[in-house]
Amino acid sequence: MTERQLWERYKKYLCGVEPVGLTLDVSRMNFPEDFLERMRGPMEKAFDAMAALEKGAIANPDEKRMVGHYWLRAPELAPEPGLTKEIRDTVAAVRAFSDDVHAGRVKPPKADRFTRVLLVGIGGSALGPQLVADALGTAADRMQVFFFDNTDPDGMDRVLAQLGDKLAETLTVVISKSGGTKETRNGMVEAERAYQQKGLDFGRHAVAVTGEGSELDRSAKKGNWLRTFPMWDWVGGRTSVLSAVGLLPARLQGLDIDGMLAGARDMDVATRERDVLRNPAALMALMWFHAGNGRGQKDLVILPYKDRLLLLSRYLQQLVMESLGKEKDLDGKVVNQGLAVYGNKGSTDQHAYVQQLREGVSNFFATFVEVLKDREGTSMRVEEEFTSGDYLLGFLLGTRRALFEKGRESMTLTVQDVSARTLGALIALYERAVGLYASLVNINAYHQPGVEAGKKAAGAVLELQRKLLAKLRGDKAKGHTAEELATAVGSPDEVETVFKVLEHLAANADQGVKREPGAQRFDTRFRAG
């Protein structure tokens, strides 16, 4: 294809959303001329399914739940007046509570005001808030935000070290719909202990975002926490960033939550359009389908050329992969669907994995994210005619061309800036694309049985650890190999798991397990001591 032909293709397929200043260019995706027409029927069905979802249909049949994250930015569309009121009341409560915190009307017992936020959550309860905090944060933020987003003790120690004596000025926000998520529970317990060690009342520093009546809700009430905010069963974790999950930490940070909601709302309006050439989410979903033959046969590489969008690929990994990575379709047939997502930032990528993208295995398609505005204020010239931002664009266009020359497909998303409005629009764009693509491949995008299976397996490992510790403590004088212990606790086929658990226990002195090296590593003997 010549440059002129590519320009004509660009003009034909460029899709723009003027209210949010976003365009999607699919001209470098090598779909045939009749592809969009051939997909007209499946897309109409996808649009119908999306319309039914937004009206309150049971869109998550496994859990018999509605799926209503679209109502978060347009409460008037909720199918019941009670839901509309709950959404509006929650946003108003987020604003009012944040204003009280900033004004010092809600304050810590041993400091003048709260200056830090510690968010405790995992998955969608952390990735969305992290994306927002990093993309929109500045040195002038009202509060600094820190995260416990894993059950890694060392990671939590690092965050607590950063907070230091400012823990007395730190408001902790614990986020878990069920309240039973162990990683979040562990982070909450570790945070509470850190406050106690400094003579601070955790409850006077704590806020919960959770489901009504959940384990976390009960803990918050028992501990006289400052406030609780709702999580609803019709909002999944990976689509919760525009609920209190993301709005509360963002507003505490001092960010423009109204702008995020408005950008998402405007994108929702644009992506209800049934003309796919005017609907960027539909066009994006169709490109995913084309690139992977409707089977996810190629990975999606997200390449944002903006430091503020570094976490976009991590956020989209969960949104896309947890939604689309499914063993069975809606008819119960085994289909093993999915779409793998990874990414970094430009032009960092050009010194990392672009070499393979251009010349290695052709198992991907890319999305370049271009931000037109370089910075606030004017830019200096690093050369006579060029700014650093000019170079950034040059690297984007150059890399895109280099990939195209080798037959590598790509799309380009262009936005004016990284503002609250733009970020809300990007979030809504990808949420809609995921929903439409799921309909095209006939899967349930709104459940996560694989995640639940992993949680159950982890529980079984911890129960095995309890048995091992009981056995060792009951027979302190004698050392045992992993094979001997596996048999002794009734799990003779779980020797490798037993060995890994024992190695971990022995590496941490406070667990009370010692190791006696053998001739081979797997001959090691373990005993209590």
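Helices (H or I, at least four residues) and strands (E, at least two) are DSSP runs, numbered from the N terminus. This is a predicted model, in which local features need pLDDT of at least 70, side-chain atom pairs count only at pLDDT 80 or more, and totals for chains, interfaces and linings use all residues. Residues are numbered from 1 along each chain as its sequence is written, and side-chain values use heavy atoms, with hydrogens and water left out.

**Stop 1: two loop asparagines**

Select N224, in the loop between α8 (215-222) and β7. Its phi is positive, near 55°, and N224 is not a glycine. Most residues other than glycine have a negative phi, and most peptide bonds are trans. N224 counts as exposed because its relative accessibility is 54%. The cut-offs for relative accessible area are under 20% for buried and over 50% for exposed, with partly exposed in between (1.4 Å probe, protein chains only).

Go on to N293, in the loop between α11 (280-291) and β8 (299-304). Phi of N293 is also positive, near 55°. N293 is exposed, at a relative accessible area of 53%.

**Stop 2: a cis peptide**

Select G346 and S347. The peptide bond that joins them is cis, with omega near 0°. S347 sits in the loop between β9 (341-343) and α13 (354-359).

**Stop 3: α9 and α10**

Two packed helices are described by the angle between their axes and the distance between the axes. Show α9 (residues 244-253) with α10 (residues 257-270): the angle is about 140° and the axes are 9 Å apart. The pair is therefore oblique. Axes are lines fitted to C-alpha atoms, for helices over the stretch in contact, and angles run from 0 to 180 degrees between N-to-C directions. Under 35 degrees is roughly parallel, over 145 roughly antiparallel, 65 to 115 roughly perpendicular, and the rest oblique.

Which residues make the contact? From α9 come L247, A250 and R251; from α10 come I257, M260 and L261. Contact means heavy atoms within 4.5 Å. By class, five of these residues are nonpolar, none is polar and one is charged. Here Ala, Val, Leu, Ile, Met, Phe, Trp, Tyr, Cys and Pro count as nonpolar, Asp, Glu, Lys and Arg as charged, and the others, Gly among them, as polar.

Now colour α9 by accessibility: ten of its ten residues are buried. G254 follows α9, with a positive phi near 100°.

**Stop 4: two buried residues**

Select T239, in the loop between β7 (227-230) and α9. T239 is buried, at 8% relative accessible area. Leaving out residues up to four places away in sequence, T239 touches H69, L72, L319 and E431.

Next, L485 in α17 (residues 482-488). L485 has 0% relative accessibility and so counts as buried. With the sequence neighbours up to four places away left out, L485 touches L468, K471, L472, H480, V498 and L502.

**Stop 5: the largest pocket**

Select T151, K182, R185, N186 and L462, which lie nearest the centre of the largest pocket among its 23 lining residues. The space is about 1100 Å³. On a 1 Å grid over the protein atoms alone, a pocket is an open set of points where a 1.4 Å probe fits, with protein on both sides within 12 Å along at least five of seven lines; lining residues have an atom within 4 Å of a point. Grid points are joined across faces, edges and corners, and a volume is the space filled by probe spheres set on the points. α16 gives the largest share of the lining, seven residues.
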